[in-house]
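Please look over the sequence and the structure shown below before reading on.

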Amino acid sequence: VIIPNWNGKDFLKDCLDSLRAQSFQDFEVILVDNGSTDGSKEYVRSAYPEVNLIALSSNTGFTGANNAGIQKASGEYIALLNNDTCVHPRWLGELCAVLDSKKEVGFCASKILFFDRRDTIDAAGDVFYAWGVGGKRGHLQKDSEELNEPGFIFGACAAASIYRRSVFEAVGMLEDSFFAYDEDIDLSFRAQLQGFRCYYVPSAVVYHRVQATARRLADRPLYLVRRNALAVFVRNMPAPLWWKRFFLVVGHFLAGDLRLFLKGKGLVVFKARLDNLKSFSRMFKARREIQKTRIASIEYIDSLMERRRWIDRFREGRA
């Protein structure tokens, strides 16, 4: 179980105590500290000596910390877990049971509820919309029978997810250049392209203090989301679906950027798009490598796309 941490000392007790209380105990905990200055490292060393602490000298982001942990991990299965979570005692056991019994499953998504609103979904896995962006499945919906149905979905929210080691060996780790946000959508897409299917496990319950770290970062999360969302599409969408949805995707990104511009976030949007332009050659190079290894059919990838009306999502401000 890999936990990235950046000045999150106040969250660590709930998270690490809940891991100590797991009914399934055959696991190691690797906490990767991103150059914290709040005493996180000292606290973990003294209060949780069983935790394998990797202390990085600077903030390498969600991607860099998790990648460092993945490289260090020795387990057959590798779980990613946010530091601002608390997990149900059966969380890890439920995820491992699915991977043990369903060999066709490559990775699993948890049911993530809000920490302070435990009847409300933060993420029941991830979705990818037909207009070219990813998002949280069931986000802000009340916990319901519909979201208690296990089954195959597009992807796993990396706030609480688990992967066979073979997924990382085949498709690579989280995309380091993303730093944070949409890295899990990108990983899920790459995994699906190579035939690794994702299974939603509603009995694997997690409580999440949503954006507890992001609130300290002003507009940087918004910039990363706008920049990385376009990169996910460019890198991963197979060419036939790219051209099939080209105008819908362009329209979506233009409309979203305009909405943010009208809200006074024009500088954030400009920086995100400028960085997209600067990195286009790198994105297309990655695209060639990713598409070269695709084994999933175009029809299967198309079937994973969520087709809820774009205008409904746009009106909610979540498209």
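What follows is a guide to some strands, helices and aromatic rings of this structure. The model is a predicted one.

- Strand 11 is largely enclosed by the rest of the structure, because five of its five residues are buried.
- In a regular strand, the side chains alternate between the two faces of the sheet.
- From strand 11, Ala160, Ile162 and Arg164 point one way, while Ser161 and Tyr163 point the other way, and all of these residues are buried.
- Strand 4, which covers residues 77–81, pairs with strand 11 in the antiparallel sense over five bridges, and Leu81 has Ala160 as its bridge partner in strand 11.
- Strand 6 also runs antiparallel to strand 11, to which it is joined by three bridges, and Phe107 stands opposite Tyr163 of strand 11.

- Because Phe107 belongs to strand 6 (residues 105–114) and Tyr163 to strand 11 (residues 160–164), the pair ties together parts that lie 56 residues apart in sequence.
- Both members of the pair are buried, Phe107 with a relative accessible area of 0% and Tyr163 with a relative accessible area of 1%.

**A tilted pair and an aromatic cluster**

- Phe280 and Phe284 form an aromatic pair that is tilted, with 5.4 Å from centre to centre and 50° between the planes.
- These two residues are four residues apart in helix 11 (residues 280–292), which means that about one helical turn separates Phe280 from Phe284.
- Phe280 is partly exposed, with a relative accessible area of 30%, and Phe284 also counts as partly exposed, at 30% relative accessibility.
- Phe280 and Phe284 belong to one aromatic cluster, which is formed together with Phe233, Trp242, Trp243, Phe246 and Phe247.

- Strands of a sheet pair through backbone hydrogen bonds, in either a parallel or an antiparallel manner.
- Strand 8, made of residues 126–129, pairs with strand 13 in the parallel sense over two bridges, and Tyr129 stands opposite Glu306 of strand 13.

**Helix 6 and its neighbours**

- The axes of helix 6 (residues 183–193) and helix 7 (residues 220–236) come within 10 Å of each other and cross at roughly 10°, and because angles under 35 degrees count as roughly parallel, helix 6 is roughly parallel to helix 7.
- On the side of helix 6, this contact is made by Ile185, Asp186, Phe189, Arg190 and Leu193, and on the side of helix 7 by Val232, Arg235 and Asn236.
- Sorted by class, the contact of helix 6 with helix 7 contains four nonpolar, one polar and three charged residues.

Conventions: Residues numbered from 1 in each chain as written. Predicted model: local features only at pLDDT ≥ 70, side-chain atom pairs only at ≥ 80, totals over all residues. Heavy atoms only, no water. Axes fitted to C-alpha atoms, helices over the stretch in contact; angles between N-to-C directions. Parallel < 35°, antiparallel > 145°, perpendicular 65-115°, else oblique. Contact = heavy atoms within 4.5 Å. Nonpolar A, V, L, I, M, F, W, Y, C, P; charged D, E, K, R; others polar. Pairing = 2+ DSSP bridges. Buried < 20%, exposed > 50% of the residue type's maximum accessible area, 1.4 Å probe, protein only. Phe/Tyr/Trp six-rings, centres within 6.5 Å; stacked < 30°, edge-to-face > 60°.
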